[in-house]
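Me: I am new to this structure and would like to go through a few of its residues with you. Please answer carefully, one point at a time.

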Amino acid sequence: MKACYMCKKGKLVKKKIPYSLYGVRIGNYSGEQCNACGESFYDEQVFDIMTQDVKKLGLWGLETKTKVTKVGNSYDIRLNKKLIDFLGMKKGEEVTIVPESKKKLVVLIP
């Protein structure tokens with residue numbers, strides 16, 4: 001067994017590892033997982049399959065950058081259409097925005 005590349009304390013165990021992205025279960029993939037820290041590692045071929053599966057589900061490219069702009073006396077954060085569609089949001093729908101920390105906002109959709 002190989003030592004974990006991240007924590008250097010645990011051993012890597014070969015197994016099927018469940019993989020999710022943005023709360024959507026993608027599947028179980030062959031890889032190695034550290035028995036101490038839980039970090040997962042995949043070879044290039046498996047990673048390519050995972051990437052294709054993510055693209056098939058329409059989850060590829062949801063993460064984007066945007067700028068804060070000023071609109072009148074308020075500030076505006078724009079979200080792209082692909083992200084809005086994924087979240088199932090509609091124009092005019094009211095959402096609640098909650099600060100989780102000084103670096104993270106959470107948007108609650110009814």
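Me: Is Asp 76 buried, partly exposed or exposed?
Reply: In this predicted model, the relative accessible area of Asp 76 is 26%. Buried would require a value under 20% and exposed a value over 50%, so Asp 76 falls into the class in between, which is partly exposed.

Me: Which residue does Asp 76 meet in a salt bridge?
Reply: The side chain of Asp 76 takes part in a salt bridge whose N to O distance is 3.9 Å, and a salt bridge is counted within 4 Å. The partner counts as exposed, because its relative accessibility is 58%, and this partner is Arg 78.

Me: How many salt bridges does the structure hold?
Reply: The pair of Arg 78 and Asp 76 is one of them, and the side chains of Glu 32 and Lys 2 meet in another salt bridge. The total for the structure is four.

Me: How many residues apart in sequence are the parts that Glu 32 and Lys 2 tie together?
Reply: The side chains of Glu 32 and Lys 2 meet in a salt bridge of 3.4 Å, N to O. Glu 32 lies in strand 2, whereas Lys 2 lies in the segment before strand 1 (12-21), so the pair ties together parts whose separation in sequence is 30 residues.

Me: Which residue's side chain is joined to that of Gln 33 by a polar contact of 3.2 Å?
Reply: Gln 33 has its place in strand 2 (residues 24-34) and is buried, with a relative accessible area of 19%. Leaving aside neighbours within four places in sequence, the residues in contact with Gln 33 include Lys 11, Val 13, Ile 17, Gly 38 and Glu 39. The polar contact of 3.2 Å joins the side chain of Gln 33 to that of Ser 40.

Me: How far apart are the closest N and O atoms of Lys 81 and Asp 85?
Reply: Both residues are in helix 2 (residues 81-87), and because they are four residues apart there, about one helical turn separates them. Lys 81 counts as exposed at 61% relative accessibility, while Asp 85 counts as partly exposed at 45%. They form a salt bridge in which the closest N and O atoms are apart by 2.7 Å.

Methods:
Residues are numbered from 1 along each chain as its sequence is written. This is a predicted model: local features need pLDDT of at least 70, side-chain atom pairs count only at pLDDT 80 or more; totals for chains, interfaces and linings use all residues. Side-chain values use heavy atoms; hydrogens and water are left out. Helices (H or I, at least four residues) and strands (E, at least two) are DSSP runs, numbered from the N terminus. Buried means under 20% relative accessible area, exposed over 50%, partly exposed in between (1.4 Å probe, protein chains only). A polar contact is a pair of N or O atoms within 3.5 Å; within protein, one must be able to donate a hydrogen and the other to accept it, and residues adjacent in sequence count only if both atoms are side-chain atoms. Contact means heavy atoms within 4.5 Å.
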